[in-house]
Amino acid sequence: MKSFAVCYLSSLILIGCTTITPDKVKDNTASFDSTTPQQYDLHNSGVIGFSPEGKGILTSNGVERYNNLIKDYKLQFRAAKGVELKENDGITEFIDKHGNLLFYIDHQHLVYFGVLNSWRRDGKDVDGLWDKAKAWVK
Amino acid sequence: MDFTAIFKAIGEVFGLINNWMGHKNTPEMKTAQQQQKEVDRQNEIEKAIKEKDIEKLRRLLSQ
C-alpha cells in the first residue's frame with residue numbers, strides 16, 4: 001500500500017512538471033534594410049525617421065513590406081478594424097535633401113503597418129478561402 | 001494512516017486547478033485575451049509614433 005501511495009504521488013508530481021513553455025523571444029534590434037540610402041543607418045526596419053509634421057519616413061523596402069502585409073491580411077484587417085486597406089494607402093513619395101527617393105506614411109497608416117507586422121510576427125495565417133467566403137457573404 | 005482521505009484531498013486540489021485552467025481557457029476568455037493583447041500592442045505603436053521614439057518603432061516594425 002505504501003509503495004502504491006509513493007507511486008501515485010510521484011506520478012502526480014511528474015504530471016505537474018512536464019509542461020515547460022519557453023519564454024517568448026523578443027526582438028531588441030531593428031532589421032537590416034538594404035534599400036536604405038547610404039546617408040542613413042541600415043538597421044532601420046524600413047523606417048528612416050519622422051518628418052517635422054510627424055509622418056513616418058519609409059524606404060522603398062519598407063513600402064514594399066507594408067504593401068505585402070496589406071495583400072496578405074486585407075480581409076482579416078477589414079473584419080477586425082473595419083478599415084479597407086489598399087496598396088500604397090497613406091503613402092506619398094518625396095525626394096530628401098540628398099536626392100534620395102523616400103516615402104512618407106501618415107500617422108494612421110503607420111499604426112496599421114505596425115498592427116499588420118505584429119500579426120505577421122505572431123505567425124497569424126494570411127487571408128484564406130474562409131476569409132474570402134466571409135467577405136463575399138458580407 | 002487514512003490514504004483515502006489524502007488521495008481525496010489531492011484529487012480536490014487538482015480539481016480546483018483544472019477548474020481554474022478550464023475557466024481561463026474558455027473560447028470567450030481566449031478571445032478577450034487576444035483582443036486585449038491587440039489593444040495593448042496598438043497603444044504601444046501609437047505611443048512610439050506620438051513620442052517619435054524611432055528606436056522603439058523600428059523594433060516594433062522589425063521582421
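In which hand of crossing does helix 3 of chain A pass helix 2 of chain B? The close-up views below, taken from a predicted model, begin with this pair.

**View 1. Crossing of helix 3 of chain A with helix 2 (residues 27–50) of chain B.** Helix 3 of chain A passes helix 2 of chain B in a right-handed crossing. Chain A contributes His107(A), Leu110(A), Val111(A), Gly114(A), Val115(A) and Ser118(A) from helix 3, and these meet Arg41(B), Gln42(B), Ile45(B), Glu46(B) and Ile49(B) from helix 2 of chain B. By class, the residues of this contact comprise 5 nonpolar, 4 polar and 2 charged. The two axes come within 9 Å and cross at roughly 135°, which makes helix 3 of chain A oblique to helix 2 of chain B.

**View 2. Contact of helix 2 (residues 60–81) with helix 3 (residues 107–121), both of chain A.** Here the axes come within 10 Å, with a crossing angle of roughly 80°; the two helices are therefore roughly perpendicular to each other. Helix 2 of chain A makes the contact through Tyr66(A), Leu69(A), Ile70(A), Tyr73(A) and Phe77(A), and helix 3 of chain A through Phe113(A), Leu116(A), Asn117(A), Trp119(A) and Arg120(A). These residues divide into 8 nonpolar, 1 polar and 1 charged.

**View 3. The side of chain A that touches chain B.** In this view, 22 residues of chain A are in contact with 16 residues of chain B. Helix 1 (2–17), strand 1 (47–50) and helix 3 of chain A each supply at least two residues to this side of chain A. Helix 3 of chain A gives the most, with 8 residues. The side of chain A that touches chain B has 10 nonpolar, 11 polar and 1 charged residues.

Definitions and conventions
Residues are numbered from 1 along each chain as its sequence is written. Chains are lettered from A and ligands numbered from 1 in the order in which they are written. This is a predicted model: local features need pLDDT of at least 70, side-chain atom pairs count only at pLDDT 80 or more; totals for chains, interfaces and linings use all residues. Axes are lines fitted to C-alpha atoms, for helices over the stretch in contact, and angles run from 0 to 180 degrees between N-to-C directions. Helices (H or I, at least four residues) and strands (E, at least two) are DSSP runs, numbered from the N terminus. Angles under 35 degrees count as roughly parallel, over 145 as roughly antiparallel, 65 to 115 as roughly perpendicular and the rest as oblique. Two residues are in contact if their C-beta atoms, placed from the backbone, lie within 7 Å. Ala, Val, Leu, Ile, Met, Phe, Trp, Tyr, Cys and Pro count as nonpolar, Asp, Glu, Lys and Arg as charged, and the others, Gly among them, as polar. A crossing is left-handed if the near helix is turned anticlockwise from the far one by less than a right angle, and right-handed if clockwise.
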